[in-house]
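User: I'm new to this structure and would like a close look at one part of it. Could you walk me through the strands and what surrounds them?

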Amino acid sequence: MSGKGGRRHVPIPIGTRFGRRVVVGPPVCMPRTDDHGAYVYYRVRCDCGAEQPIRVTSLRMGHSHRCQACCNRERREAGEAKRALA
Ligand SMILES: [Zn+2]
């Protein structure tokens with residue numbers, strides 16, 4: 001990853017797992033509103049069954065390895081665990 005020339009998108013194979021999420025569809029290009037090229041999205045399915053298109057950069061950077069519902073649930077459970085310890 002050295003700055004310039006890094007525009008080539010290396011596809012992620014279907015079935016690749018990122019945390020709780022698995023890639024279930026081919027890459028889809030969506031143009032950016034600010035005219036700086038396009039984002040690549042992949043359709044991913046969470047272990048809980050929720051499917052959503054996620055930006056490939058988010059997946060690669062580790063930002064979207066579970067869906068919002070799982071994120072909320074884990075946060076709630078973490079809060080309950082903390083209260084149980086107190
Ligand atoms: Zn989920």
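To begin with, which residue in E5 is the bridge partner of Tyr 42?

Analyst: In E5, Tyr 42 has Ile 54 as its bridge partner. Before going further, a word on what you're looking at. This is a predicted model, where local features need pLDDT of at least 70, side-chain atom pairs count only at pLDDT 80 or more, and totals for chains, interfaces and linings use all residues. Residues are numbered from 1 along each chain as its sequence is written.

As for confidence, pLDDT is the predictor's own score for each residue, from 0 to 100. The protein chain averages 88, and 91% of the residues score at least 70. Among the elements, E2 has the highest mean pLDDT (96) and E3 the lowest (89).

Now the layout. The protein chain has two helices and five strands, and along the sequence they follow the pattern β-β-β-β-β-α-α. Both kinds of element are DSSP runs numbered from the N terminus: helices are H or I with at least four residues, strands are E with at least two.

Let's stay with E4, residues 38–46. Two strands count as paired if DSSP finds at least two bridges between them. E4 runs antiparallel to E5 (residues 51–55), with five bridges joining them. E4 also runs antiparallel to E3 (residues 28–31), this time with four bridges. In that pairing, Val 28 stands opposite Tyr 41, and Cys 29 stands opposite Val 40. Then there is E2 (residues 21–23), joined to E4 by three bridges, again antiparallel. Here Val 22 stands opposite Arg 45.

Next, the turns. E3 and E4 form a hairpin with six residues between them. Asp 35 sits in the loop between these two strands, and its phi is positive, about 70°, although Asp 35 is not a glycine. Asp 35 counts as exposed because it has 7 C-beta neighbours inside 10 Å. The scale behind that word, with C-beta atoms placed from the backbone, goes like this: a residue is buried with 20 or more other C-beta atoms within 10 Å of its own, exposed with 12 or fewer, and partly exposed in between.

The hairpin of E4 and E5 has four residues between the strands, and there Gly 49 takes a positive phi near 105°. Ala 50 is in that loop between E4 and E5 too. Ala 50 is partly exposed because 15 other C-beta atoms lie within 10 Å. Leaving aside neighbours within four places in sequence, Ala 50 is in contact with Cys 67 and Ala 69, where contact means that the C-beta atoms, placed from the backbone, lie within 7 Å. Ala 50 and Ala 69 are 19 residues apart in sequence, and their C-alpha atoms are 8.5 Å apart in space.

Apart from neighbours within four places in sequence, Val 23 is in contact with Ile 12, Ile 14, Gly 15, Thr 16, Tyr 42 and Val 44.

Finally, zoom out to the protein chain as a whole. Buried residues make up 10% of its 86 residues. The C-alpha trace spans about 50 × 25 × 25 Å along its principal axes. The radius of gyration is 16 Å, whereas a compact globule of 86 residues would have one near 12 Å; this value is taken over C-alpha atoms, and the globule rule is 2.2 Å times the number of residues to the power 0.38. Among contacts with a separation of 6 or more, 26% are between residues 24 or more positions apart.

Notes
Contact = placed C-beta atoms within 7 Å.
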